[in-house]
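Here's a quick look at the overall build of this model, chain by chain. Have the viewer open while you read.

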Amino acid sequence: MLQNNNLKVCRRLVWRDIKFHKGRSLLLVAAVALVCMLYTFSFSLGGMIRDGYLYTYRMMYGSDSHILFYDVNRTQAAALQEHGSVREAVTLSAIGFLSDDMMEYRSVKLAAVSDGWARATEAVPMQGRMPEKEGEIALDELTMYSLAIPHEIGTEVSLCWTPADGGPERTDTFRLCGWWDSLMGQTETCAWITADTAQRLYPGGPERVALGVTLYRPKNLEAQAQEMLTDLGLSDVSYTVSLAYNEARREFADSEAMNYYRLGGIVVLCGVLMIYNIVGISAKQNVRFYGMVKSLGMTPRQIRALAVWQAFFYCVPAMIPGWICGFALYAAAAPLVVIGMEQNPAFQFFRIWPFVVGALFALLTTLAACALPFFRVAGNSPVEAMRFVEGERRRKARRGKRRRATTMQMAFTGLARYKGQSAFAAFTLLLSLCILCGIWTQKVSFDEDKYVDGLALNDYRLEDASATTGMQRYNPESRSITPDLIRRLTEHPAVRDIGLISTMEVDLYADEEMRAPIVDTFEGKDENGVARREYMADEPDWVAGYERMRESGEYTGIVMGVSGLMLENALAGGSVIEGEFVPEKFATGAYVIAAGADSYEIRTTPPVGSRFRVAGREFEIMAAVPYEATIVSGADSRQAQFNVTYYMPMEAFDELFPGHGIRNVAVDIDRDRQEEFEAFLEQLLEGTGITVTSFDDYRWNFRNAIFHRYMIPLFVGGVMLVIGILNFCNALVSRILVRSRAFAVYESLGMSGAWLRRMLVWEGVLYLGIMLPFLTAVSAAVTWVWGRWWLAHTNRWCVTWRYSLLPLWAVLPVLLAAVAVVPVCCLRVVRREQVTDRLRRPE
Amino acid sequence: MDIITIQNLKKYYGSGSSQVRALDGVNLTIAQGEFTAIVGASGSGKTTLLNMMGGLDAPTEGEVFVDGVRLSGLREEQRAVFRRKKVGFIFQNYNLVPTLTVEENILFPLDLDGARPDEKYLQEITELLGLMDKMRDYPGMLSGGQQQRVAIARALLPKPSIILADEPTGNLDSRNGQNVAGLLKMTAELYHRTLVLITHNLELAQLADRVIRMQDGRIARQE
């Protein structure tokens, strides 16, 4: 028999159905828009996380180029540029590098302006401009802070640099013409000069250059670099490949993004449930309809086409609102997820694919939900389909004494009739509440105050401009924190206490007796049988410093002058490991406190009572305390990687090093005046390059970390809760809509509208009344058990057990409002139709 | 020539003591162009028998041949196409698609097949059934009798081999019922269609060429 499956008729049927049931269709479109929004949000967020990681790796690498070839001659550079794999190339002709001691942890190349290289490494002046005239120079801000160069165009800058050919170090003077923000984590950058200046300083120019290449296919960079070098016979050329294209790093970025993509998986489940529930309002009619059209000759393929067209028609109008809302949500969440970017990362990492994939997934989700009623009757004959519907209506006959039909009794009957759907809605609510309450309890158990008190030694810490990052060696010559600034700070009425710390690296000598406990510690073996110094084997500067002390007794000491709050910080809350801290003796300036390992078993400081000389003055170690690493910012010299730290009163430090700089300032304030103090501080520190870390930064970091940890689970729980509430409302709505004929019968028998309303509100109240104890008991128990288990298996010091069922209490008023409002509104809609019309309609 | 042949047809629902024998060994032949009425008490198996003839339900045992086609040998897809092409159904509750107009409802089986209607035949039927001025209306705007006439037009238009009518006048008042029955008989005769009709109405049954009385899933008597 010739089969002709005309599918156009399916489209017409669906379109008419949508037009005939505008309310339900609008509800479905809104549900699909919500689903599309969630997909767009989760995929955009996941994509942004991935791109964010790759961006960070690129920043760490310091260049947009895929491969950097160092130290190639001009012929080799030209050959590499011409290679078929290369799309674009930039070159850097560095005549040398800045070799000031303060540039210890960073490599700053002195080079003729290369616009391409500057763009690729984001080394383009944001203030001023690139050098254009002989003798001009443009620098990055970290270099300027490290070398204490003021931020003034035209400033004379004397730089110590070493020529590329390894010639003797020399000092030249330039005029500052511009600067740019340094990229955090970037250890290499350039100091730009004009080509003429470069020619004058390095006649003939350097023979070797650095070359950055961008490839057509940024995959397997290592293999491509090797291939290029092999093709050109340049086996001895050194190179690095971009971290952003490293397979392991990309896998890590993908795995981090996967957490957000998984959210999409939950949306699949929630979305199908939500849409199916709305479709389910007319489930019986749908099944009857399928039976009817099957009896008229509609094939299964045509019925499947009905589901596809339904999904299509609901999806098309839902896409744009879904995309817009999804992007808005994403744009709101993005700055909270990826922090530290000036531009909203949502725009920086904007991609089209999450929208396309979001729409596709929304279509598939809708299709799954629309196809479910079809699958419920698939394979059945039309008669069986009809029987499927009628079978649901069969009820056992009641036995027992005759009862009067009261409002309450009819409400009970109505509730019992749809118990399956009611139970399903209750289950969705229960699941979401268990998830939300459990996660909420964990979240609120993280104790912010405990965290801030534990980590922020003081309310504010001011950091000298040369010591703002761990890769900046502190420059004792820097004077960004001035005595006048200290005076103004101290005089501010909000300031309750203040403390200063200044540091100086000095060469010291330890005799056999002094060095013995240190050597014993590092030569000694730990519980694993490994000599402790072995753990430092990959720190050559530390090893060299330690060996120097062990063999000759000479070592680098870091003398720190402390006052006020800084002395309290140095004493680490009074946990003295050895000796005794006597404030009066310490104040005399003849005694110091040694700081070392945080252990009573091992010693990394000379014995208490031993003496040493600094600048001709003798000091005695009165106590040893654990070293508090957060007391100072920035880095010390490589030579001081192995050191012994000594705290002495600031007065004694002043005498030893008159006119010294101040590395850090600790400030405690009256927190009621925080706003006033911060306004003052902002004004006070403007243009100084001084960095401030406040207790609010810790608080913010804490909140940010907690947000990151719980954002997705809370969001998922929230979405499920919304769907649970929608299902609850849907259960209320659908059992009213499908009984429009039954209500017409009641009305024809004399039941008033008010009675019907009362009955339906009672039905809702009973539903809630039965559901609520169950919801409360189960979610409270699950939250308690889950929370205690989590508490027992988490070892975070900043956790305080706080049992909270806030999400449950928050949802109660919503459910109460729903049982009061939804039945009344629905009944009003149902009663708009005449009783006779409703009576004519099959139930 | 027989257009419907039914051999030892059985349809059982449930099992054990609660088993219901809706059809219990029915043998029947219906000739082409014959008007057959099936009567019997509720639960006697009339509707089940009609559903089996139209391929709407599958038998527990036995065979149904319609126009030479063995229905149990058809897959679901083929059975749907069979219904579309060979059978015209008229149901007690009309089973019109509420979202389609009268005209679209009448054309629906042809639309499913992607076939073009015979315009002359369409006009003839709609005139005969008095639906000309109702073609743009939706079923909800029509009376019960008018809706049943739409269902008859829908059953006739594809020119099926058989027309199966399940209590087509059951929802109509007696005047409308008479009208519809008369129209049904007239159109079946006019277009030489085989008509099988289920009814409780003995007056209506008297219009048929043959009356089959069902009882407890068996044919009790044929007149």
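In chain B, what share of the contacts with a separation of 6 or more comes from residues 24 or more positions apart? That share is 73%, where a contact means two C-beta atoms, placed from the backbone, within 7 Å. For chain A, 85% of the contacts between residues at least 6 apart in sequence join residues at least 24 apart.

A bit of housekeeping: this is a predicted model, so local features need pLDDT of at least 70 and side-chain atom pairs count only at pLDDT 80 or more, while totals for chains, interfaces and linings use all residues. Residues are numbered from 1 along each chain as its sequence is written, and chains are lettered from A and ligands numbered from 1 in the order in which they are written.

Now the dimensions. The radius of gyration is taken over C-alpha atoms, and the globule rule is 2.2 Å times the number of residues to the power 0.38. For the 843 residues of chain A, a compact globule would come out near 28 Å, but the chain has 37 Å. Chain B, with 223 residues, has 17 Å, which agrees with the globule value near 17 Å.

| Chain | C-alpha extent along principal axes |
|---|---|
| Chain A | roughly 110 × 70 × 55 Å |
| Chain B | about 55 × 40 × 35 Å |

As for burial (20 or more other C-beta atoms within 10 Å of a residue's own, with C-beta atoms placed from the backbone), buried residues make up 41% of chain A and 50% of chain B.

Finally, the secondary structure, counted as DSSP runs (helices are H or I, at least four residues; strands are E, at least two): chain A has 28 helices and 21 strands, and chain B has seven helices and ten strands.

Key. Buried ≥ 20, exposed ≤ 12 C-beta atoms within 10 Å, placed from the backbone.
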